[in-house]
Amino acid sequence: MSTTTLTHVQSRAALPAGLTVVATEIGGAALLGAFLLAEATPMVLALLALMGGLFAALQLRPRIEEEIVRAFHEARGLATVLAVAIVLVYPFFLGGNTYALHLLIVSLLYSVLALALNFQLGSANIPNFATGATYGIGAYTSALLAIHLGWSFWATLPAAAIVATLFGFLLGIPSMRTRDSYLALVTIAFGIVIHQMLNNLSWTGGPNGLVGIPAPSLLGHSFMQPIELFGLRLPSQANFYYLSAALLGLAILSAKRLHESRVGLAWNAIRADELAAKCQGINVVWYKILAFGVDAFLAAFAGTIYAFYISYISPDNFTFLVSVTIMTMVIVGGMDNTLGVILGAFLLTMLPEKLRIFSDYRLLFVSVVVILFLILRPKGLFPQRQRHYGSQ
């Protein structure tokens, strides 16, 4: 076959891949927008039923999922550019709905937290119930530096990450003497200790928390001011939306780079068989402690943005329940699958808000919905995929 003919065939084969990518991303964005803006309970339930039907189709027809994965692999450049474009223009299609923007911001931050935990739970099979604690350490460190020392938001970001990472290493070192359920108990104890310290120390504000965290600013633009562009006006929450989206983008890039590196391979080897990993010369203790540090580092970034966004934090924002929720997001979404983890975070962040009409029973209904999704997709919404060691 001539080179010209081969190129023509390849271009024709790439067209369906591009169309699949465009249809998937725009369809997903439209479904998310409809769910965000839905206020009537029948509409919310109908959208949940639609999502359930889509995942049932993926479960019953694995070929559909394989085709979508193939399309994104072949047209990864188009997928990346289109995803960035959708993120940039998305707030303009919400009609100035500040509540929808708030849900998006919280979902983005929880996506970062879920990805942080996924390095441990998904990649290395380390059950860590202290992500909520390191999230709180990052939030309190940045808030204290801003309130008492006058540090800017941008200066507190790396400082909070360093402090939280040190705590992550401090948790990881003694945890190496335990395994499985006992390791989980150590992380639970650490989370409870941090919560009690935040609740009882006077310089953390005690149970009243910290009030008056100043808003960030960038190039003279305060994040408390709305964004005006080309005659269009976005609420002030849009500032934190773009900031949270940038952090999630950084987390996704980090997840990809780590997964494809020797570190990711070592974590996966430990998950598969710790003894075999040791026999292959992998420093199991070091890589486990590193997973604790990476988790704390990303969680601190999310905590810092959350503190400056809300401008008030208290120990109740960082309880053991937060860690359990983050772990549930990873499991429901699909362990060691970046897209699945993000989807799980969005779903479990928005569901309780959209089912508030059920009042005291809303958590029961959230649990029922989660169980139904796990029945449809037992290994998570987007399960862990087999590694490919050829050319990427």
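Ala, Val, Leu, Ile, Met, Phe, Trp, Tyr, Cys and Pro count as nonpolar, Asp, Glu, Lys and Arg as charged, and the others, Gly among them, as polar. The model is predicted: local features need pLDDT of at least 70, side-chain atom pairs count only at pLDDT 80 or more, and totals for chains, interfaces and linings use all residues. Residues are numbered from 1 along each chain as its sequence is written, and side-chain values use heavy atoms, with hydrogens and water left out.

**Exercise 1. Describe the largest cavity: its volume, its lining and the classes of its lining residues.**

Step 1. On a 1 Å grid over the protein atoms alone, a cavity is a set of points where a 1.4 Å probe fits but cannot get out; lining residues have an atom within 4 Å of a point.

Step 2. Search the whole structure. One cavity of 30 Å³ or more turns up. The largest cavity holds about 50 Å³ of space; a volume is the space filled by probe spheres set on the points, which are joined across faces, edges and corners.

Step 3. List the lining. It consists of Phe129, Gly132, Ala133, Gly191, Ile194, His195, Phe318, Thr319, Phe320 and Ser323.

Step 4. Assign elements. Helix 6, helix 8 (180-200) and helix 13 each give two or more residues to this lining. Helix 8 has the largest share, three residues. Helices are DSSP runs (H or I, at least four residues), numbered from the N terminus.

Step 5. Sort by class. The lining residues divide into five nonpolar, five polar and no charged.

**Exercise 2. Characterise the second largest pocket by volume and lining class.**

Step 1. A pocket is an open set of grid points with protein on both sides within 12 Å along at least five of seven lines.

Step 2. Take the volume. The second largest pocket has about 910 Å³. Of its 28 lining residues, Tyr110, Leu321, Thr325, Leu348 and Pro352 are the closest to the centre.

Step 3. Find the main contributor. Helix 15 gives the most to the lining of this pocket, seven residues.

Step 4. Sort by class. The lining has 17 nonpolar, seven polar and four charged residues.

**Exercise 3. Is Asn128 buried or exposed, and what does its side chain reach?**

Step 1. Locate Asn128. It lies in the loop between helix 5 and helix 6.

Step 2. Classify. Asn128 counts as buried because its relative accessibility is 1%. Buried means under 20% relative accessible area, exposed over 50%, partly exposed in between (1.4 Å probe, protein chains only).

Step 3. Check polar contacts. These are pairs of N or O atoms within 3.5 Å; within protein, one must be able to donate a hydrogen and the other to accept it, and residues adjacent in sequence count only if both atoms are side-chain atoms. The Asn128 side chain makes one with the side chain of Gln120 (2.6 Å). It also reaches the backbone nitrogen of Ala130 at 2.8 Å.
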